[in-house]
Amino acid sequence: MLDILIKNAKIIDGTGAPWFRGNVGIKEDKIAYIGKDNLGSKRTIDAGDAVVAPGFIDIHCHSDFVYFSDPANLKKLAQGVTTEVNGNCGISAAPLSEKYRKEIADYAGTIQVSEDLECNWQTLGQYLEEIENLPLAINVATWVGQGTVRAAVMGFEDRAATNEEMAQMKTMLEESMDAGAFGISTGLSYPPGVYTSTGELVELCKHVAARGGIYCTHIRSESDQQLEALKEAIHIGVKAGLPVQIAHHKICGQANWGQSKDTLALIDRARSGGHDVTLDQYPYLAANTTLNALLPPWSQIGGVQSLLNRLKSEDVRMKIKHEINEDTSWENPVRSCGGWQSILIISAPKTPQYEGKTMLEAAQKANKEPGDLIFDIIIANKGKTAGCMFMMEEKDVKNIMRHPATMVASDGIPSPPGAKSHPRMAGAFARILGYYVRKENVLSLEKAVKKMTGMPARRLGLLQKGFVHLGFDADIVVFDPDMVNDCATYQEPLKPPTGINYVIVGGKTVLEHGELTGAHPGKVLRHKNKGASPKKPFVKY
Ligand SMILES: [Zn+2]
């Protein structure tokens with residue numbers, strides 16, 4: 001007797017193979033039957049010709065703190081996501097240190113939903129135990145953030161680490177890996193990642209490699225210095241001996257549009273040379289980050305509080321304005337956007353009059369220069385702001401999407417209650433299926449599903465997930481391929497998608513036609529280092 005039988009399904013198994021018609025049976029938390037028979041079951045779901053696919057694995061998330069207020073993480077479940085990987089772009093929820101607790105709290109504030117969350121943990125292992133006690137409806141994995149580790153040991157100092165500090169960072173990394181991190185993430189265009197040399201990263205990554213982990217990187221430049229930045233990422237993977245995941249690959253800045261041809265060729269060359277490099281991508285033309293990220297890195301040395309203090313000085317403001325307008329020697333997002341009119345303020349809770357406006361519109365409203373207003377907004381909100389930066393081109397987005405080493409990810413960053421968000425948070429997976437598969441024909445449905453399931457499962461070494469195969473974990477999404485659509489827009493970013501009928505996690509139905517069932521079978525997934533071969537099997541496509 002099965003627990004659930006899903007019949008009349010178009011089964012897409014996550015390998016990229018063509019769909020086939022059949023029934024899928026679930027017993028406890030495993031897929032127990034795939035075939036044509038109508039076996040007895042406690043519950044039968046008639047898929048009505050909808051697709052049954054493995055639950056989507058979102059390999060690039062910033063939901064680290066979401067579960068404390070929303071343990072189901074409805075925005076992700078509603079897209080068919082059954083596993084999230086957090087700790088991206090250098091920022092993870094742990095490890096923390098007493099010495100730099102305030103600095104790290106400000107740093108993590110960019111991905112935090114609530115201001116008054118007490119962090120009752122110090123190590124990554126303690127954090128994972130903390131969220132494990134919540135009624136999770138979704139599976140959760142994490143990287144350990146290099147930025148968080150560096151900030152915990154040496155704050156936001158723009159200098160090389162001493163031997164003593166290197167030793168402390170290595171210990172923290174090893175503890176985090178042993179607690180279950182899947183690898184290390186970096187955010188090399190943000191402080192403190194931006195202050196870290198290639199050599200330091202190689203040294204740290206060696207300790208992650210020894211535990212079978214991955215190097216997942218938001219590279220140093222996604223605009224003018226993109227090719228150099230990619231070469232650095234590949235170099236780190238080669239020197240430290242670990243696979244590389246290029247996070248949210250994109251081409252920023254009009255002057256660089258079209259360069260995906262060159263970046264993908266570089267990745268192909270690395271792969272044919274035997275280096276395991278893969279990518280992920282969110283399907284939008286706008287990036288999403290804090291407004292602090294629009295300022296030069298030196299202005300942020302010492303952390304958010306130091307930035308706020310510095311911004312009191314008229315000389316500092318003049319210098320920053322000059323560098324934003326004239327200086328080409330740094331990763332300058334305002335320049336990549338082609339100006340302030342392409343920056344949309346989505347979250348600035350203390351200055352709500354500007355939310356939903358571009359920096360240019362906000363400046364007109366305030367009767368100020370955008371280059372002055374941004375300082376006021378950052379100060380009023382104590383650095384906790386977010387914006388959408390329109391700096392990509394559709395052709396590059398499609399090119400990267402088609403590449404066989406590219407996976408789908410949301411890169412969703414939560415906003416505080418009431419504030420807006422980037423639509424990718426609630427729409428990324430449905431947008432691929434509805435817009436890029438059905439309307440634009442960029443990918444076949446089977447390829448798109450593979451990029452959301454089998455590929456990330458293999459990348460992470462989740463050997464029981466990512467495929468509709470017998471004996472695999474019963475993480476399943478049932479969606480209507482003709483109806484699935486993202487509804488989240490820049491104006492209404494949290495609107496849930498349509499066409500996602502059922503979401504099953506660990507054999508339990510957690511979402512039915514958009515409604516939570518209340519089941520909470522979500523698990524914390526821990527990378528198993530012990531007995532793992534130090535080198536992961538090459539991820540093929
Ligand atoms: Zn990033």
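Here is a walk through the model, from its domains to its core and then to one helix.

This is a predicted model, in which local features need pLDDT of at least 70, side-chain atom pairs count only at pLDDT 80 or more, and totals for chains, interfaces and linings use all residues. Residues are numbered from 1 along each chain as its sequence is written.

Let's start with the domains. The chain splits into domain 1 (56–247) and domain 2 (291–388), with bounds taken from an automatic or database domain assignment. Their C-alpha centres sit 25 Å apart. Where they meet, 14 residues of domain 1 are in contact with 13 residues of domain 2; contact here means C-beta atoms, placed from the backbone, within 7 Å.

Now the core. A nonpolar core is a set of buried Ala, Val, Leu, Ile, Met, Phe, Trp, Tyr and Cys residues joined through C-beta atoms within 7 Å, and buried means 20 or more other C-beta atoms within 10 Å of a residue's own. The largest such core has 170 residues, and Val-52, Leu-77, Cys-205, Tyr-215 and Val-478 touch the most other members. Both domain 1 and domain 2 give residues to this core, so it lies between them.

Finally, look at helix α12 (residues 359–366), where Met-359, Ala-362 and Ala-363 are buried; helices are DSSP runs of H or I, at least four residues, and strands are runs of E, at least two, numbered from the N terminus. Down the axis of α12, the buried residues fall within an arc of 100°, so they line one face of the helix; the arc is that of the directions from the helix axis to the C-beta atoms. They pack against β15 (343–347) and α13 (370–380). After α12 comes Asn-367, with a positive phi near 60°.

Note on methods. A residue is buried if 20 or more other C-beta atoms lie within 10 Å of its own, exposed if 12 or fewer, and partly exposed in between; C-beta atoms are placed from the backbone. Two residues are in contact if their C-beta atoms, placed from the backbone, lie within 7 Å.
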